[in-house]
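The sequence and structure come first.

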Amino acid sequence: MKRSKVIDVLKSTEFGKEVCVKGWVRTHRSSKSVDFIALNDGSTINNVQVVVAPACPVVGCAATLSQPSLKDITTGACICAEGILVESQGAGQTSEVQAT
């Protein structure tokens, strides 16, 4: 899948479209039911929120992570997130990525 820049994802209103965003983790918050990752690639000062369900698979580099998990994703980590662009239910942003 072709990479989308964070600035383009934040401006897009094509909800339901599959996107791939790559960048650095600014923040990562966890709860029992969902994880929230603020991701930035330098194309804008704003972050895109990636929402990750616990059942979502986490794939890592086989050379460095034997069994990657969400807790291995910390501030400063470089990740690729694929998912569906959805209208945000939270305040502060119009869209977010629902990770698949």
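A polar contact is a pair of N or O atoms within 3.5 Å; within protein, one must be able to donate a hydrogen and the other to accept it. The model discussed here is predicted.

By this definition, the side chain of Asn47 makes a polar contact with the side chain of Asn40, at 3.0 Å. Asn47 lies in the loop between β2 and β3. Apart from neighbours within four places in sequence, Asn47 touches Val6, Leu10, Arg26, Ala38, Leu39 and Asn40. From the C-alpha atom of Asn47 to that of Phe36, 11 residues away along the chain, the separation is 12 Å.

The loop between β2 (35-40) and β3 (48-52) also holds Asp41. Asp41 forms a salt bridge with Arg3, with 2.9 Å between the closest N and O atoms. This pair links distant parts of the chain, as Arg3 sits in the segment before α1 (6-11) and the two residues are 38 residues apart. The structure holds 1 salt bridge. Side chains of opposite charge can pair when their charged atoms come close.

The relative accessible areas of these residues are listed below.

| Residue | Relative accessible area | Class |
|---|---|---|
| Arg3 | 38% | partly exposed |
| Asp41 | 13% | buried |
| Asn47 | 29% | partly exposed |

Asp41 counts as buried because its 13% falls under the 20% cut-off. Arg3, at 38%, is partly exposed, and Asn47, at 29%, is partly exposed as well.

Notes
Residues numbered from 1 in each chain as written. Predicted model: local features only at pLDDT ≥ 70, side-chain atom pairs only at ≥ 80, totals over all residues. Heavy atoms only, no water. Salt bridge = Lys/Arg side-chain N within 4 Å of Asp/Glu carboxyl O. Helix = DSSP H or I, 4+ residues; strand = E, 2+ residues; numbered from the N terminus. Buried < 20%, exposed > 50% of the residue type's maximum accessible area, 1.4 Å probe, protein only. Contact = heavy atoms within 4.5 Å.
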